[in-house]
Amino acid sequence: MTDITNLPPEGGPSLDLTGKDIAVAGQWRLFWLKFKKHKVALVSLVVILFMYLVAALADFIAPFDPNATNARFTYAPPQSLSLFHDGSFQPNVKQLKMTLNTQSMRREFVPDPTKPVSVGFFVKAPQPYYLLGLIPMQTKLFGITNPQVGDSLYIFGADRLGRDIFSRVVHGAKISLSIGLVGVFMSLILGVTIGGISGFFGGWADLAIQRFIELLRSIPTIPLWMGLAAAIPVGWPPLRTYFVITLIVSLIGWTSLAREVRGKFLSLRSEDFVIAARLDGMSEIGIIFSHLVPSFMSHIIATLTLAIPSMILAETALSFLGIGLQPPIISWGVLLQEAQNIRAVAQAPWLLFTPAAAIVISVLSLNFLGDGLRDAADPYESVS
Amino acid sequence: MSMNPNMSQDTILKVEGLKTYFPTRTGIFKAVDGVSFELKRGKTLCVVGESGSGKSVTARSILQIVDKPGRIEGGSVLLTRADGSVTDLAKLDPRGKDIRSVRGKEIAMIFQEPMSSLSPVHRIGTQIGEALRIHFGTPKKEQRERVLELLRQVEIPRPETAIDRYTFEFSGGMRQRVMIAMALACNPQVLIADEPTTALDVTTQAEILDLIKKLQQSHGMAVLFITHDMGVVAEIADEVLVMYRGKVMERGPVEQIFHAPEDDYTRRLIGSVVKLEKKAEVRLTRAAIPAEAAPLLDVKNLSLTFPSGLKAVDDVSLTVRSGETLGIVGESGSGKTTMGRCLLRIYDPQSGAIAYRRPDGSTIDLRTADRASLKDVRREVRMIFQDPVGSLSPRKNVGQIIAEPLKLAGMRGKDVEDRVAELMRQVGLDPGWRERYPHAFSGGQRQRIGIARAIAVKPRLIIADEATSALDVSLRSQMLDLMMSLQDQLGLSYVFISHDMSVIRYMCDRVAVMYRGRIVETGDTDQVVNHPQHDYTRALLSAIPHPDPRDRRIHKRFRYDPTVKPTGIVSANG
Amino acid sequence: MLRFILKRIVFAIPTLFAVSIIAFIIIQLPPGDYLTTLMADWASQGGAVEAGTVAAMRERYGLDQPIYFQYYKWIWGILTAGDFGISFELGKPVTELIWNRLGFSLLLSLLTLCFVWAIAIPIGILSAVRQYSISDYMATFLAFFFLAVPDFLMALSAMYVMSAWFGQSVGGLFSPEYVDAGWSFGKLVDFAEHVWLPVVVIGLGSLAALVRIMRANLLDELSKPYVTTARAKGMSELELLIRYPVRLALNPLISTLGWILPAVISGEIIVSVVMSLPTTGPLLLRALLAQDMYLAGSLILLISVLTIIGTLISDILLALTDPRIRFQ
């Protein structure tokens, strides 16, 4: 039997389907093969996994208590790490010497090359703590090996109260990155349920849900979020605030997912292979789980990945405005709130740029990752 | 430019050793690999081949409009103008001025899909007049007059209003006329038609072929006609070029290609077409199916109206006897597919009865049957789908696809595996391929998988909806032969739905002709084909291109006009 | 066409109604009613409140009535008398406070939209036509980057750069000497000098998104058969590009107005807070923080209504440019 020779599809990553393995490759294997061709997305995946790992192990990685203040080191600049001292290998930073700039009447810090502060891995923690809230630990990933008075280790600088920005950003990752995940999880439940109802039943339910989604999307998000978030009583415990904020943030996120699910339901429902399954005597539930869900699973994963960054950004924006999460909770948005004063930023740019870099890197990687996943979501496009 | 005295006076276009390649990741795909031909004034050259033969790329190479990343790698395309000057089009810069002055002015082209080949947001008048503006700078007012004249030439009704309409307001046939008007705007010497009738119904196809012929005669154009349909070739060609995988297999006058083919591939191609011109041999020798008292399926006054108000199935009555094949033939929009789907209750018809006789002799009305009994009946009445891609879930392997109905019927474990292997052998697939996914199979193989799934639960009746129309002609008869041999082995009955009279004639015992939701004629296939009673059937049959250049028919066809009730208008142009 | 427009307008009415309900819910969300808050406020300042005043105010806002009646009173006041209620914090009717700021919000959003469209389309076209070229990769990377930077971060960074590198302090839409002056040529120039930075800051995110969409649309259109048809007519590549694929790729772009507009307005609010622009943003934030709910609710309502009207206009524009939609 002659095989129909088709022209290769144009552009984009396509699959070479001549290999024998491809013939027996299932959906997820094709998905992975196609995703792998997207190098940027692959790198982003590694970056994202790394960031979530850092967030999970924040207590271990952050060398200091993020709320520990030190009035001596107000707005201390980042200290650079040198690997050698006096010609021998000894990682260290230089002690900061404070001087008073008589012209600007500001305190300035100058590293003192004669006073190295030696830095090491797996040092003893200032206080014992519980890793992931479970495992009792006494070791930090890195820190000052033998702390003396006057020693400091601010690799990303210090804030107004002399708190370590690095430790704060690492701890902030816990909240900011998890809000994305929890929010997406809420969106998933809302989106799949409502979108599924809309697509599966059609008719009036579909029309009403579609109109409602259109309505939600036509309202500018920031004022809506602001209005809802501002109603959260100030006295609420942090955990409750956290969940309500997450809920508010996912209020919009689910709509795109619901649309995606509905669209897939509608188009798949009339596909011949779904009709064939129905004629084979498969029940509607069976069809949903055996045919429909596998068909749009990959699309949902891609959409979800693309929804995480918008939630991270939303939390950041609300906290930044002072109506989201409040100190003492640490999130990237809360950190940026302290950078609102442009004069403070001018004096200590690291207040702004350290959390900003964390946000941009995580959002950028998630976007690239989502893009790669979406491209790979339908590995059969280039096949048929 | 140079004068070329060696070329014959009549030759307008001389293509020699044309090579068009597509670089791919894995190497070079030679879409056109050393093709040569000549195109003569006032004559029609048909380039014929199956999908992937490179015929379309050949046509596009002439005007250098091959899609990226395709490139002309060698050969020449010599265009001789009326003043005797000769230009090699293959040497021109594809984005340059010289080739642009040839496109649309000296050589015009029409395409397969008139809908997507025309812009949906521009009025047709603008799109037709554009070539005039580009090549002659014709002012707006004159442009409009010329466009009206062109619309009249291509016989579009009411040109004054049509000129300001958009493509989606026209039917497929009318859109193709718009395309032709556009091509004719600058009075080209050569018209390249790339499968211009493939997307159309046979009766519309016949109209368009007529029109092209007429315009060719009045304009004295040379026509390069690309098609996969040997019937069309026989009807219109003066000369034929047979292509296969980028290479010319045979070239010659149409008479020679059909009646004295020299090449093996040509012979096979003609053979598979001619084979479908008559009843299958296995059916000629078989005794006629007796008309029993109680038919297997007895459909009475079935009607389905869609919410849009469209009467898709309108008072349809038909019977299927056990062991026979009933053909349902009709053009697109005739309601044949909807009717087929009503039989299995994929759609719910609003009135009528579908009486199906169970193996125990009892009958059940499928139109009103409850879920449980419908589920049982759907094991006895199965379906084969048209689209070999869409009807198999890409996410399941072949073993799982074929096993699905078995498992749902309660079969488990080793039995399933054995049965799947047996079924795969039965339809001509290697059971070792069960782990493979549909994407690893060709169209014909996929359709075999679909057949295996249909016969898995030992059905009695199979509804086959356009089961062979997505396949190349050489595969078509193989698939029909397979279906007939299964019919004899398993004692099956078929309802065979198709738009293609030749496959109906090849395998069906009886045929019902559908037109606008109604069945206009039913009878034994021989009877209907040779002595059609209804005018629509006559029109349909006479519009079918006949693969014999000695017996050209479609220009003398019978036309059916439903507004003129009793008899049609006999036309004798062309 | 007229029928299409009318149909769209009729469709917008339930949306407007729903938006007003949402705004009203936001007004109602904080615990207790505002009079309680207000009285606590007055009491803390040592002022005694006459029982009669309280009763009169309760009457006026229908605070003793069921909630739907309060809504009815509120919306009826807005629709018939343009009465949005009173800002308790500032002690003035809401209407006095908002119109000027709303005007600047609208102006800023419109300028941003123009900026976004004017820049995004050419970049998108270039990116698509030169697919996989250096400039395409650059545009793609920058687009992704700007999509990842939140508006307020962009505003802060811009302000930092302006002050640290150029020694300019940024903020407001006018120099101090022009703030209260009437409109003049000088004021216009001053406005232009101030407004470009917020416009760029608000617009970059949407710009990036639009570039991606334009590129994708155009790539889609470029491979359509009608492009080949036009080429076969002898049209030059540039004319062909603009007349056909670009023209068709613009249609879906127009429909993106429906979400670009809310995004721009959201961005405008938060950027205005950072750059202290005299628009609705800072006022809304202040009202929300002070739980001045009539002011906040009115602002949210008006901003949403403006967005819906904008979306309506984009729908009509789309129908004007695309006959397929008009003829549905």
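Q: How much area do chain C and chain B bury between them?
A: This is a predicted model, in which local features need pLDDT of at least 70, side-chain atom pairs count only at pLDDT 80 or more, and totals for chains, interfaces and linings use all residues. Residues are numbered from 1 along each chain as its sequence is written, chains are lettered from A and ligands numbered from 1 in the order in which they are written, and side-chain values use heavy atoms, with hydrogens and water left out. Buried area is the accessible area (1.4 Å probe) that two parts lose on being put together, summed over both. Carbon and sulfur atoms hold 62% of the area between chain C and chain B, and the total is about 2200 Å².

Q: How many salt bridges are there between chain C and chain B?
A: A salt bridge is a side-chain nitrogen of Lys or Arg within 4 Å of a carboxyl oxygen of Asp or Glu. C:Glu239 and B:Arg133 form one, with their closest N and O atoms 2.6 Å apart. The count between the two chains is 3.

Q: Which helix of chain C gives the most to the side that touches chain B?
A: Helices (H or I, at least four residues) and strands (E, at least two) are DSSP runs, numbered from the N terminus. Helix 9 (225-232), helix 10 (237-255) and helix 14 (323-326) of chain C each supply at least two residues to this side. With 7 residues, the top contributor is helix 10.

Q: How many charged residues has the side of chain C that touches chain B?
A: Ala, Val, Leu, Ile, Met, Phe, Trp, Tyr, Cys and Pro count as nonpolar, Asp, Glu, Lys and Arg as charged, and the others, Gly among them, as polar. This side of chain C has 8 nonpolar and 6 polar residues. Its charged residues number 9.

Q: How many residues of chain C are in contact with chain A?
A: Contact means heavy atoms within 4.5 Å. Chain A brings 41 residues to this interface. Chain C brings 40.

Q: What share of the area buried between chain A and chain C comes from carbon and sulfur atoms?
A: The buried area is about 3500 Å². The interface has 0 salt bridges. On the chain A side, the residues are 29 nonpolar, 9 polar and 3 charged. The carbon and sulfur share is 81%.

Q: Which helix of chain A gives the most to the side that touches chain C?
A: The elements giving two or more residues are helix 6 (203-218), helix 7 (221-230), helix 10 (284-321), helix 12 (342-347) and helix 13 (350-376) of chain A. With 10 residues, the largest share comes from helix 13.

Q: What area is buried between domain 1 and domain 2 of chain C?
A: An automatic or database domain assignment gives the bounds. Chain C is divided into domain 1 (15-81) and domain 2 (101-326). Between them, 12 residues of domain 1 are in contact with 9 residues of domain 2. Carbon and sulfur atoms give 85% of the buried area, which is about 1100 Å².
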